[in-house]
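Good morning. Please put the sequence and the structure side by side on your screens, and we will go through them together.

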Amino acid sequence: MPQRSIPMPSLRRLPIYLRRLHAAVEAGVAYVSSRQLGVAAGVPAAQVRKDLSWVEQEGRPGRGYEARALAAQLELTLGLHCEKRAVLVGAGNLG
């Protein structure tokens with residue numbers, strides 16, 4: 001199956017959803033609705049569902065998305081599941 005590329009506007013919203021999911025998990029919330037994710041990103045719930053269709057994670061009608069599972073899938077999709085080394089050079093006051 002050919003790899004699909006996520007549209008840039010959707011890709012930009014995924015980290016916003018991820019932050020909201022992490023907050024939900026920390027608060028002990030098991031499920032998060034597309035409406036709640038949409039409020040965090042400033043988009044309608046339908047757009048959230050469309051964005052999340054790219055990461056192959058489905059919610060349950062009337063219940064929402066399982067927060068931990070969706071967060072883990074978004075981390076994989078965004079490449080956050082492994083450490084990356086970086087060097088900051090010539091940053092001046094930013095360092």
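Predicted model: local features only at pLDDT ≥ 70, side-chain atom pairs only at ≥ 80, totals over all residues.

Residues are numbered from 1 along each chain as its sequence is written, and side-chain values use heavy atoms, with hydrogens and water left out.

Back to E66. With a relative accessible area of 43%, E66 is partly exposed. On this scale, buried means under 20% relative accessible area, exposed means over 50%, and partly exposed is in between, with a 1.4 Å probe and protein chains only. Which residues does E66 touch, leaving aside its neighbours within four places in sequence? They are A30 and Y31, where contact means heavy atoms within 4.5 Å. Y31 is 35 residues away from E66 along the chain, and their C-alpha atoms are separated by 4.5 Å.

Now the whole protein. There are four helices and two strands, and along the sequence they follow the pattern α-β-α-α-β-α. The C-alpha atoms fill a box of roughly 50 × 40 × 25 Å, taken along the principal axes. The protein has 95 residues, and 26% of them count as buried. Among contacts with a separation of 6 or more, 67% come from residues 24 or more positions apart. The accessible surface is about 6,900 Å², and carbon and sulfur atoms hold 53% of that surface. Those areas come from the Shrake-Rupley method with a 1.4 Å probe, and for residues only the protein chains shown count as cover.

Next, please find helix α1, residues 8–26. After α1 comes G28, which has a positive phi, near 85 degrees.

The buried residues of α1 are S10, R13, L14, Y17, L18, L21 and A24. These buried residues pack against β1 (31–32), α2 (34–41), α3 (45–52) and α4 (67–78). A23 is partly exposed, at 40% relative accessible area. E26, also in α1, is exposed, with a value of 72%. For a sense of distance, E26 and R60 are 34 residues apart in sequence and 21 Å apart in space, C-alpha to C-alpha. A23 and K50 are 27 residues apart in sequence and 22 Å apart in space, again C-alpha to C-alpha.

Is R13 buried or exposed? R13 is buried, because its relative accessible area is 15%. Apart from neighbours within four places in sequence, R13 is in contact with A41, V43, Q47 and D51.

How many salt bridges does a search of the whole structure find? The search finds one, a salt bridge being a side-chain nitrogen of Lys or Arg within 4 Å of a carboxyl oxygen of Asp or Glu. Its partners are the side chains of R13 and D51, at 2.6 Å from N to O. This pair links distant parts of the chain, with R13 in helix α1 and D51 in helix α3, 38 residues apart. D51 is buried, as is R13.

Helix α3 also holds A46, which is partly exposed at 47%. A46 and R35 are eleven residues apart in sequence, and their C-alpha atoms are 8.2 Å apart in space.
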